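Dear colleague,

I am passing on a structure that you have not worked with before, and I would be grateful if you could look through it alongside the notes in this message.

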Amino acid sequence: MRARATTVLVVSLLLTSVPSGGEAIASPPARGDEVSSSDRLGPPAGVKRLPALLVPRAEDALSRALRGGRISAGRYALERVLSLFDLREVRSRYGFVARPDPRSATLLMRDLVVRLDQLSPAERTKARRILARPTDGMHDPGGDGYATAEAPPFCATNTCVHYVTTTVDAPPLEDEDTSLVPDYVEATSGVLEDVWDAEVVGLGYRAPKSDVTSDNNGGNGLLDVYLADIGADGGLYGYCTTDDPNLDPSYPYWDMSAYCVLDNDYDISQYGYPDPMDPLQVTAAHEFFHAIQFAYDIGEDAWLMEGTATWVEEHVYDDINDNRQFLADSPLSKPTRPLDKNTGFQVYGGWIFWQFLTEYLGGTSPDPRIVRATWRRADGSPAGQDMYSTQAVASAVGARRIGGTRWRFRWAFADFAVWNARPSAFYDEGAAYAAATVARSVSLTRAAPSVRSTAQLDHLANRFVVVRRGSGLKATARLRITVDGPNHGTGPEASVVVIRKSGAVAYRVVDLNSSGNGAITVAFGTTVARVVVIMTNASTRYTNCYSGLTPFACDGGVPLDQNRTYAFRAAVI
């Protein structure tokens, strides 16, 4: 089926614009992202399902205490958040506790805020102090509470910026336009309004929910953003959290309001950026998108929340490219690791998958609607379907049609690997991306004209093997590739990329039968630099969803297609 759809694709749409003189696969045309069914796929009405999967899942004294039943999930979440601000104090109680990633503050606080009712009264008091807004004062154990009265908030059309004019939390107080408002506060407000226009107006996302019903709503229902010296808290860039009264278990849905905290100056001594506007802009774009996500589903899988929040930086501030740092821990650098693993920096590195989808499904120009379509399906509000992450994106991709054929997620995920084999030939900015890590590289010669490669592959993972020409081969040689994969229902796909010495790139699908077997012959003559054989496990099947048993999608569901055997033979003919 994928072969027939790809034929339609190549014949009807060839070719998109091609960088570096290579061939590129044409992309499916952009389509709408309407939700075809209003049926909710989450828990039944009246039941609020707490996220079972806590992030991060570091192997340390805290995780062992949770696993051993010595602390509750709520206490675990509380201690993780405390470790952001005072790691030494948490270690004094538990022993070695891993230093948390400061960029994970939003999701660490999410884990805590949805479990407030699971805490003892004393624990709940401490948690509420941590989660308090800076204007609630210095009783915050995190130290982000203002020690002095705030200045009048600076409110624009959609957002209010809160700040103080004394103490370490004060922003730079220069006021060149004599407006009686510090220039930095005005600049922050301008950035936030620009981000709102880009993400809500431009990209069409639901606006953050009003916090007018919160006890401390900042004076109105606008999105409140507080400036504080959070760079002193282990390098925090910013975070969003919530004090929405709907966190009460009697409200069965997952749409929540938000308020956010950003650093008061992004000083080079704390962050290392020569221009403080760069970290301010990308952090505002990223954290604001979390506030948007809260309006859909505050309890979603981390890889979806952080991956799309990092992806949106590329669309709001394309020239900064701060998110490229995460490609060192991404499907490009670690393709055999499942895409939906909810731990570590890979949740940020996964932004490249969302960038792929926007370009791949966009035809001649990127179409970011596929990400919005995913969030509309993941929507846990009263109007949403409440799909889990991989279910939502698979449904969104499956809503696209090419020549009357409904596209499939497994095809898109296999083609994601094709793009990653030669990023410069496919991605708009691919010249800046390293090609996917190769598991094995072999040279075929007249004396050794074939090779067999076998490996076990987990779900939502790819494996790359490079085959090169060695000595003694004929100038007109061809390469026969025979694939032996698992049965079709477990998600196998196979692709071959031929890279010529000229830089041109050709891509072929290996059409697999119901048993997972197939074969293809490609050019292997003197003009060929290398052939990349790609094995893909595109499975999105899980059991025990919402169990927290694994670090994967479906809130810790158990993947059904781990460790599947994939083999191929490449032989010169």
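The notes below take up the cavities, then the pocket, and then some helix contacts.

Please bear in mind that this is a predicted model, in which local features need pLDDT of at least 70 and side-chain atom pairs count only at pLDDT 80 or more, while totals for chains, interfaces and linings use all residues. Residues are numbered from 1 along each chain as its sequence is written, and side-chain values use heavy atoms, with hydrogens and water left out.

A search of the whole structure finds six cavities of 30 Å³ or more. On a 1 Å grid over the protein atoms alone, a cavity is a set of points where a 1.4 Å probe fits but cannot get out, whereas a pocket is an open set with protein on both sides within 12 Å along at least five of seven lines, and lining residues have an atom within 4 Å of a point. Grid points are joined across faces, edges and corners, and a volume is the space filled by probe spheres set on the points.

The largest cavity has a volume of about 130 Å³, and its lining consists of R103, Y237, G238, V282, T283, H286, E287, T310, E313, D322, F326 and Y348. Two helices, α9 (277–297) and α10 (302–316), each supply at least two residues of this lining, and α9 gives the most, with four residues. (Helices, H or I with at least four residues, are DSSP runs numbered from the N terminus.) By class, the lining of the largest cavity has four nonpolar, four polar and four charged residues, where Ala, Val, Leu, Ile, Met, Phe, Trp, Tyr, Cys and Pro count as nonpolar, Asp, Glu, Lys and Arg as charged, and the others, Gly among them, as polar.

The largest pocket has a volume of about 560 Å³ and is lined by 24 residues, of which L116, R128, D243, D244 and L247 lie nearest its centre. Its lining divides into 10 nonpolar, four polar and 10 charged residues.

Returning to α9 and α10, their axes come within 8 Å and cross at roughly 135 degrees, the axes being lines fitted to C-alpha atoms, for helices over the stretch in contact, with angles that run from 0 to 180 degrees between N-to-C directions. The two helices are therefore oblique to each other, given that angles under 35 degrees count as roughly parallel, over 145 as roughly antiparallel, 65 to 115 as roughly perpendicular and the rest as oblique. On the α9 side, the contact (heavy atoms within 4.5 Å) is made by V282, A285, H286, F289, H290, Q293, F294 and D297, and on the α10 side by L304, M305, E306, T308, A309, T310, V312, E313 and V316. This contact has nine nonpolar, five polar and three charged residues.

Helix α13 (residues 369–378) packs against helix α14 (residues 389–398) at an angle of about 125 degrees, with their axes 8 Å apart, which makes α13 oblique to α14. Here I370, A373, T374, R377 and A378 in α13 meet A392, V393, S395, A396 and V397 in α14.

With best regards
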